[in-house]
Amino acid sequence: MPGTTSTAPGAPNAGASTAPHPRRWIALAVIAVSQLMVVLDATIVNIALPQAQADLGITDANRQWVITAYTLAFGGLLLLGGRIADYWGRKRTFLVGMTGFALASALGGLATTGEMLFAARALQGAFGALLAPAALALLTVLFTEATERAKAFAVYGAIAGGGSAVGLLLGGVLTEYADWRWCLLVNIPVAAIAIAFALPLVPESRAHGNTRYDVPGAIVVTAGLVSLVYGFTKAAEDGWDATATLGFIAAGVVLLAVFVVIELRSSHPLLPLRILLDRNRGGAFLTSTLIGAGLFGAFLFLTFYFQVVLQYKPLEAGLASLPVTAGVLIAAGGASQLMPRLGAKPLMVAGSALAALGMLVLTQIDVDTSFLTHLLPAQVVLGLGLGFTFVPLSSLALVGVPEHDAGAASATLNATQQIGGSLGTALLNTFYTSAVAAYLVGRAPNPVNQVEALVHGYRVAFAWGAALIVLAGLATLVLVKVRKEDIPTGNTVHMG
């Protein structure tokens, strides 16, 4: 279940009036709709992907770009988007982000080639990186009283948490009864309604002070991540020892090193490195990256297993994917209650172990695996593990953070989940395609062996997903030393 985590700052922005806005609750509805649209887009496209791949002739090696083009642009530009929203104006940024997201959705819905769809998804991610932080900042400015703010963020969090489930169902309905393209085109009327209401209802606000942006940092880090993902994709096509594979991976590593140098020298860095160098926060960000890497890829292959091997219709596949969401929501509620008593580390280690166990159970699938006795419990256990991991992560990312770095630390956690998901999806897809090709060597190319090869590939992908989640648990165990007394309490919103 693709997810993001954001934390509301504890005080209204200095440039905003402390008097409550008279139409703040209606504005909340508008902002919540925009958030629902962004969250929906992560899961709704997963269900549509098998049909989109067949319709546009996308190869197995390249299909992951439908996911990673979005998550790379979103994760790579999120920190810059937050600063733009603060200084350019949150309402203006919100409206531009919403408009751009709708236009990019239209481009994707009308795509005639795989490359056109990939480009549209990247544009969606870029405009989403403007829209998401602007929406969250607007809530912080609109609701200045603590009790009201808690209610507003509870509504926002519920919509964000339930949005993934709605996306699975809506994606199934639209793909089955209309066309996969409507999974993207549906954003256009939603955005139009939100813009129409936002114009008169949502107030403008902006931060005061220096408005310089670290554009070079944003460009270099995004280019480095794209180069890494493209290197992983070339490995699926040409092999790990191919010149192109090694070249793109090396270029990605070099660009990320250049990004670190830029951040060290920039007077207004995109990512202040002091945020990363704290042991507990560094552990939280590494865990977040590894969990995202194992998680995003798993959902991609689960969708294909349901629809290609088990022959589920898109709506059935959407329904069959819901147990993970249910597990996350159940565990998130439990983790919120347990964290003050146990602290973040025990919950995160236990959560990683549970999630890895759920993934390992999925490695035992076959061509006719039972949903009720195998797939259902595996997904519930996976969801419970993720829920017990995500909630403490959002608090751990803010341990010892000065107030002026709180927004950047929270957005960094958001970005690491998206970036981890991008790299993990590309990596697992490469392992999958290699495993399928290896399985078919020496076997007759008949339908039975073809399906067996697909299932073997899914098993391999799930095994690597489990390994990444185990690494996340080990990172927590080794790096996180924070005591439960040090965990901040505040308005933390988990976006499912």
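Select domain 2 and domain 3 together: they bury about 1000 Å² between them, 79% of it on carbon and sulfur atoms. Buried area here is the accessible area (1.4 Å probe) that two parts lose on being put together, summed over both. The model is predicted, so that local features need pLDDT of at least 70 and side-chain atom pairs count only at pLDDT 80 or more, while totals for chains, interfaces and linings use all residues. Residues are numbered from 1 along each chain as its sequence is written, and side-chain values use heavy atoms, with hydrogens and water left out.

To place the two parts, colour domain 1 (22-204), domain 2 (215-269) and domain 3 (271-484); these bounds come from an automatic or database domain assignment. The C-alpha centres of domain 2 and domain 3 are 23 Å apart. Their contact (heavy atoms within 4.5 Å) takes 13 residues from domain 2 and 11 residues from domain 3.

Next, look across the interface of domain 2 and domain 3, where 0 salt bridges are found (a side-chain nitrogen of Lys or Arg within 4 Å of a carboxyl oxygen of Asp or Glu). On the side of domain 2 that touches domain 3, H8 and helix H9 (243-265) are the elements that give two or more residues. H8 supplies the largest share of that side, 7 residues.

Finally, select Lys234 in helix H8 (residues 215-238); helices are DSSP runs of H or I, at least four residues, numbered from the N terminus. Lys234 counts as buried because its relative accessible area is 15%, and buried means under 20% (1.4 Å probe, protein chains only). Leaving aside neighbours within four places in sequence, Lys234 is in contact with Gly239, Ala244, Thr245 and Phe248.

Terms used: Buried means under 20% relative accessible area, exposed over 50%, partly exposed in between (1.4 Å probe, protein chains only).
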